[in-house]
Amino acid sequence: MKRETKLMHYGRMPTPGPANPPVMRASTILHDTVASYKGTKLARETDDAVLSYGRRGTTTAHALAAAISDLEGGEACFLFPSGVAAVAGALAPFLGAGDHLLVVDTIFPATRSYCDTVLTRLGVTVDYFPWDTTDLSAYAKPNTKAVMVESPASQTYEVMDLPALCADAHARDLLVIADNTYGSGWLYRPLDLGCDVSVVAGTKYLGGHADVMMGAVAVKGRATAALRKHTHMTGQTIGPDDAYNCLRGIRTLGLRLERHEENGLALAKWLEARPEVASVVHPGLPGHAGGEIWKRDAMGCNGLFSVFFTEGFDAEGFVDRLSLFAIGSSWGGYESLAMPSNPEAGRQFPNTTRSGQMVRFHAGLEHIDDLIADMQASFDAAAG
């Protein structure tokens, strides 16, 4: 089946039955015989869809995990209560006291914070490398165990050459873990490009309606067994209601991302022509850092882009005057968002060619004419 068709059939129940798998709320799973109970405990060690105990998920969560695993091209998928929890869960099985972790410098700030505080407290050393690195010779150490990447980069969207980086990392026997929230398994599949683990914040495009908290880790190959064991031992799971809502959101993932991409690119091009704008960063624009790699490896863009305004322009005032762009964290829902940010703060290899205040935009599903008119009105008000 084409992947657009698969979205409609993930978790489909036998007929006659409901179109969507029902919400199953359960902690205890009952058995009639001791043999059945023992058989279930044995089977669940290799079969993630076995219904054995609420902490291992119910059929609702199993359907969602299977869907995300297929989207990402993984052998298995494990669910977490948030995207950051999924990042932590993806790193922890492969690192211990005395180990070394390499992280791309343009990583999501919350991931950086986790690495610099929790992991270092546990005895893991962490170093960062530039986004355009494909040869880890200058950064890898004898005790390096894994590499954490994010492509496109958080907030500034530089695109890494993942196949080249993964080839170099694997030659050094290093695991590669990717944050794929931008691509969400639809636009981009890091596991196909050589990564061992792919993390997605389902809070974003998978749920799509700004009402789900969850994260997912898709995995393949040698990383699978370790991640399965760690996830089960630490009791990571999500509630069946969030699993249901996320699976329902996935049905329209392809259609929504088409509109998000269309609106985001149209806004980015329109803003490029404004005198108040110094630069726009968007993987779909000509000349973007790594843009040709994105065309080679990905299947489109989402609704995210960032704008650097000219020096002296009141970017925060511009955002305050917008009526269709709300101010808030997160992205990937149906709604348009705007959020001032300083992405270079804390980076070890900052881009010093940019200046002016930055605003990250998420283009929602509104009509593009209305979004442009909203921005035009805010610019007009700034001009007096």
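## A glycine in a loop

Let's start with Gly 57, which sits in the loop between helix H2 (34-43) and helix H3. Helices here are DSSP runs of H or I with at least four residues, strands are runs of E with at least two, and both are numbered from the N terminus. The model is predicted, so local features need pLDDT of at least 70 and side-chain atom pairs count only at pLDDT 80 or more, while totals for chains, interfaces and linings use all residues. Residues are numbered from 1 along each chain as its sequence is written, and side-chain values use heavy atoms, leaving out hydrogens and water.

Is Gly 57 buried or exposed? Gly 57 is buried, with a relative accessible area of 3% (buried means under 20%, exposed over 50%, partly exposed in between, with a 1.4 Å probe and protein chains only). Leaving aside neighbours within four places in sequence, Gly 57 is in contact (heavy atoms within 4.5 Å) with Leu 51, His 62 and Thr 237. Gln 236 lies 179 residues from Gly 57 in sequence, yet their C-alpha atoms are 9.1 Å apart.

Helix H3 runs over residues 59-72 and has 14 residues. Its first and last C-alpha atoms are 20 Å apart, close to the 20 Å expected at 1.5 Å a residue; the expected span is 1.5 Å times one less than the number of residues.

Of the 14 residues in H3, 11 are buried, including His 62, Leu 64, Ile 68 and Leu 71. Their cover includes helix H1 (3-9), strand E1 (76-80) and helix H9 (253-272). Just after H3 comes Gly 73, with a positive phi of about 75°.

## Helix H5 and its bend

Helix H5 (residues 109-121) has 13 residues, which should span 18 Å, and its end C-alpha atoms agree at 18 Å apart. H5 bends by about 30° at Cys 115 (the angle between axes fitted to the seven residues ending there and the seven starting there).

Cys 115 is also one of the buried residues of H5, along with Thr 111, Arg 112, Tyr 114 and Leu 119. Strands E2 (100-104), E3 (125-129) and E4 (144-150) are among the elements covering them, as is helix H4 (83-91). After H5 comes Gly 123, whose phi is positive, near 95°.

## Where H4 meets H5

The axes of H4 and H5 come within 10 Å and cross at roughly 50°. The contact is made by Val 84, Val 87, Ala 88 and Leu 91 of H4 with Ala 110, Thr 111, Tyr 114, Cys 115 and Leu 119 of H5.

Methods. Axes are lines fitted to C-alpha atoms, for helices over the stretch in contact, and angles run from 0 to 180 degrees between N-to-C directions.
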